Amino acid sequence: MSARADIARQERLHLQVRGAVQGVGFRPYVWNLARKLDLAGWVLNDEAGVTIEIQGAKTQQFLDMLELSAPPLARIDAVDIHAVPATNEVAFALLKSTKAGKAKTAIGPDAATCPDCLADIFDPKNRRHGYAFTNCTHCGPRYTITRALPYDRAQTSMADFPMCAACQSEYENPADRRFHAQPNACPDCGPKLSHSIQEILMALKAGQIVALKGLGGFHLAVDARNYSAVTRLRARKQRDGKPFAVMVASSASARKLAHLSPEEETTLSDRARPVVIAKSKPSTLSPAISNGLPTLGLMLPYAPLHALLFHADAGMPEGTAWMDTPQVLALVMTSANISGDPLVIDNSEAQTRLAGIADMVVTHDRDILIRADDSVVRVIDGAPRYLRRARGATPTPIKLSVDIPSTLAVGGHLKNTICITRGQDAFLSQHIGDLESMSTYGFFKETVAHLSSILEVSPTRIACDMHPDFMATRYAQDMNLPVIQVQHHHAHIAAVLAEYQLDGPCLGLALDGFGLGEEGESWGGELLIAQGPEFQRLGCLMPLAQPGGDVAARQPWRMGAAALHALGCNDQIPRYFSGQDGADMIAAMLERKLNSPMTSSAGRLFDAACGLLGVVPEAHFEGEAPMHLEALVTKPEILDNGWRVKDGVLDVRPLLLAMTDSHPQEGANLFHGTLIAALADWITQTIDREGLARRIALSGGCFQNKVLAEGLIGALQPRHIKAYLPLSAPANDGGLSLGQAWIAGQMSLI
C-alpha cells in the first residue's frame, strides 16, 4: 500500500483555534507543521479564528506541537477538537479566508521590528537595505493600519500600494516569513519617507525639533543630550515639568542610563516596546528631561525608521552586532501635540498643528487609521504594570470568567479609555487622554466607532461613571441604549476582579485622587466589598477639607493647611505657610468651612504630606508632588501609634502631626512606612471582622507608587492576605472602563 493511500485511511480531526491567530503567520506555521508530519487536510481563516482539518498517522503529534512553537505574535486561547469522517485527501492545503458571520477574532496589536527584519535592513546586499517600512508576519503595524476584519491587505492602509513581483512572490509563498504579511513592501512598491535618514539625523544633531511619523502617530524628537533643544521642546509643547521618554538604540545603551532589573530589561525588549520607568544613573542627558525625579522613562526602537536613525549615527555598520555596544545617540520621543490634545496622525494635520513646534516635519504616504500613543509601564512587585496602555497592547482582549452581553463602557474623565465586550472577551481601547477639549472628545468618539466596527459589535447597554458632568457620562446618556452608571471606586475594584477572574465577595482598596461618592461626596480612599454588580463601602480614610475645591489638587500647600486645620492648629496656618500668597485667606476659609468640601481622597492625603514637608507646594501636572515625595524615600519607617481605626475610618492625624516636625526625606520615609502599616492593619481588621476571604484587590492611581504598592503587598503577606494588583489594565483611571463593563454586563436590565 502506498504512503498516500495510508494517509487516506487515518483519523481526521477538525480543529477550531481561537485567539490572536490571524495576521501573525499562523496559517503558514500550520501548513509547515502538517507537511513536516505528513498530514493531509487544510487550514483557513474564518470569522472565529483559524479552522484546521488534519488527517494522518501523526495527528496527536500535531496537537502536541501546535502551541509549542507557534509564531511569536500568536496567542492561542482555545482549541476545539472533534473527529470527522476521513477523506481521500493526501496533501495539505492553504485555503482562502471565509466569512459567514460576525467576527469572533480580532486583529493583533502593532509589534516592534523583529530581529530578522532588522538583519534585512542592515544588510547592504538585501533589497530592503535601509528601507524604513520593512516588516513580516512577525512584526510591524497591525491595529493602527486596519479598517475592518478580516485582516486582509484590502482592509488596511496598504491597499493603495500594489506589490511588486518580488513582494508578491513572498506574499504567496507559505514557506516565506512574509507569507500574507499584509503590510509587505519594499523600496520599489511601498511607502516612502519625505526626508532621508541622513537629513533627519543631521537636523536632530543640530538641535532641531523633528516631528516623525511613526506607527500610531507622530513623535516630537530632539537630541536628549542637548539641554537647549529639550527646554525649547518643553516650552513649545507647553509641557511644564512632566518627564519626557527617551529612546536609545538597545538594551546595552539603556543599561548605561538606568539601573535595570531583569524584569525591566525584559519588558524594555518586549515586542510591544513600551516606555519603561526605571531608576536613572548619572549621565549626560539633559536634566530638563526628568526635572529632578530620579527615574527615567526608557524605550527601544520599534519601527524601522527609529532603528535606521541609530544605525546611521553608528556609521551604518553591516549586521546587527553594533547594537550590542552602547551607542551615544539618545532621543527624547514624546507625543506630537500640544499638551492636552490628541496625538497627530495625518500629514496635512501635522503640517498645520505642528508648525509652531517642529523645525522639521517628516511624513510618509502610508496612512495611520487609528491613533495609538506609546504604552508606559513600571515594574512593581516583579511584574510590568501599565501606567498607560496603548500601542503594542491594544486591542489584545482581557479574558473574562463568563460571557456577558455586549457592553460599551466609556470610562472616566481623566486618562480615558473605553471598553467593549464580546462574549468572554473585554477589549480595552488605547489611551485616549483627559476629556477636557473638543479635540480629545472627538478622538474618544472616533475610538468608540472604530473599535465597535472592527469587532463587529453592536452594544446592548452602555456603562459610565456616576459624575453627571463628565463628557463620557453625557455621551452615554445621549446614546439610545440602556445606561448603567457605576460608582468610580467600585469600577476600579471590579476591573481587578474581572482581570483575575475572582468570584464571590472580595475586599477591595481603592486609593486615588477623586471619584464621586454615592451621595455626591468626594471619595478616594475607600475600602469596599464587591461581588458581581454590587458593592458595599466598609470604610474610608478620614476626610480632610479641600480649601478652594479642585484647586487644592494643584496646590499641595493648601492640603497641608487642611491637615493643620484637622489637627486643631488652624491659627498656625498663616505662619506655617507664610511664603504662600493667600495663607490668611485659606485659614479663614477652613475656619468658616467656606468652599472647603471634605474628601477621603488618598491623593489629597499625599498632597497634605507634601504640603507640610514643603515638597512641591504648587504642582504643574497631576501627581507631581507625590512623585517627588516617593522619590525622597530611602527606607520607610513606621511611627509608633501613627494611626487609629474607628468605625471603619482610618485616621492618620498622628502621622500628619509628625510631618510638621520632619525634614522632607525623614518625613517621606515616615509617611510611606506608617501609611503602609496603617493600611495593612485596617485591611486585616476588616477581613477579620467581616469574615472575608484573605484576599484583597488593590486599585487606583496611588498604586502607581512603587514604594506604597510593594510595601503594602509585602506587609500583607505574613498576614496570609493575597493582594491582587492590576496587570492587564492600568490601576489608574485608564482601567475604569474595564470595571464598568464587567459590572454592567452582569446586571439584569429587566
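# Asking why: burial, cores and loops

User: What makes the radius of gyration of this protein agree with a compact globule?

Analyst: The radius of gyration is taken over C-alpha atoms, and the globule rule is 2.2 Å times the number of residues to the power 0.38. With 750 residues, a compact globule would come out near 27 Å, and the protein has 27 Å, so the two agree. Along the principal axes, the C-alpha atoms fill a box of roughly 100 × 65 × 50 Å.

User: Good. What kind of model is this, and how are residues numbered?

Analyst: It's a predicted model, where local features need pLDDT of at least 70, side-chain atom pairs count only at pLDDT 80 or more, and totals for chains, interfaces and linings use all residues. Residues are numbered from 1 along each chain as its sequence is written, and side-chain values use heavy atoms, with hydrogens and water left out.

User: How many helices and strands are there?

Analyst: The secondary structure comes to 23 helices and 29 strands. These are DSSP runs numbered from the N terminus: helices are H or I with at least four residues, strands are E with at least two.

User: Why is methionine 471 called buried?

Analyst: Buried means under 20% relative accessible area, exposed means over 50%, and partly exposed is in between (1.4 Å probe, protein chains only). Methionine 471 has 18% relative accessibility, so it counts as buried. It lies in helix H13 (residues 471-478). Contact means heavy atoms within 4.5 Å, and, not counting residues up to four places away in sequence, Met471 touches His413, Leu435, Met438 and Tyr441.

User: And why does serine 251 count as buried?

Analyst: Serine 251 sits at 12% relative accessibility, so it goes in the buried class too. You'll find Ser251 in helix H8 (residues 251-257). Leaving aside neighbours within four places in sequence, Ser251 is in contact with Glu265, Ser269 and Leu300.

User: Why is proline 294 described as partly exposed?

Analyst: Its relative accessible area is 34%, so proline 294 is partly exposed. Pro294 has its place in the loop between strand S10 (275-280) and strand S11 (295-299). Beyond neighbours within four places in sequence, Pro294 is in contact with Ala278, Lys279, Ser280 and Ala631. Proline 294 and isoleucine 107 are 187 residues apart in sequence and 38 Å apart in space, C-alpha to C-alpha.

User: What about valine 616: buried or exposed?

Analyst: Valine 616 has a relative accessible area of 16%, so it is buried. Val616 lies in the loop between helix H18 (602-613) and helix H19 (624-631). Its phi is near 50 degrees, a positive value in a residue other than glycine.

User: What makes helix H23 mostly covered?

Analyst: In H23 (residues 736-745), 10 of its 10 residues are buried. Among them are Leu736, Gln740, Trp742 and Ile743. What covers the buried residues of H23 includes strand S16 (398-404), strand S18 (419-428) and helix H14 (488-500).

User: How much of the whole protein is buried?

Analyst: Of the 750 residues, 60% count as buried.

User: What makes a set of residues a nonpolar core?

Analyst: The members are buried Ala, Val, Leu, Ile, Met, Phe, Trp, Tyr and Cys residues joined through side-chain atoms within 4.5 Å. In the largest nonpolar core, with 71 residues, Leu509, Ile683, Ile696 and Phe703 touch the most other members. The largest share of this core, 11 residues, comes from helix H21 (residues 664-690). A second, separate core of 42 residues includes Ala112, Phe122, Ala185 and Met299.

User: What does leucine 509 touch?

Analyst: Not counting residues up to four places away in sequence, the contacts of Leu509 include Ile493, Leu679, Trp682, Ile683, Ile696 and Phe703.

User: What share of the contacts with a separation of 6 or more joins residues 24 or more positions apart?

Analyst: Such residues account for 71% of those contacts.

User: Which peptide bond is cis?

Analyst: The one from threonine 394 to proline 395, with omega near 10 degrees. Pro395 has its place in the loop between strand S15 (383-388) and S16.
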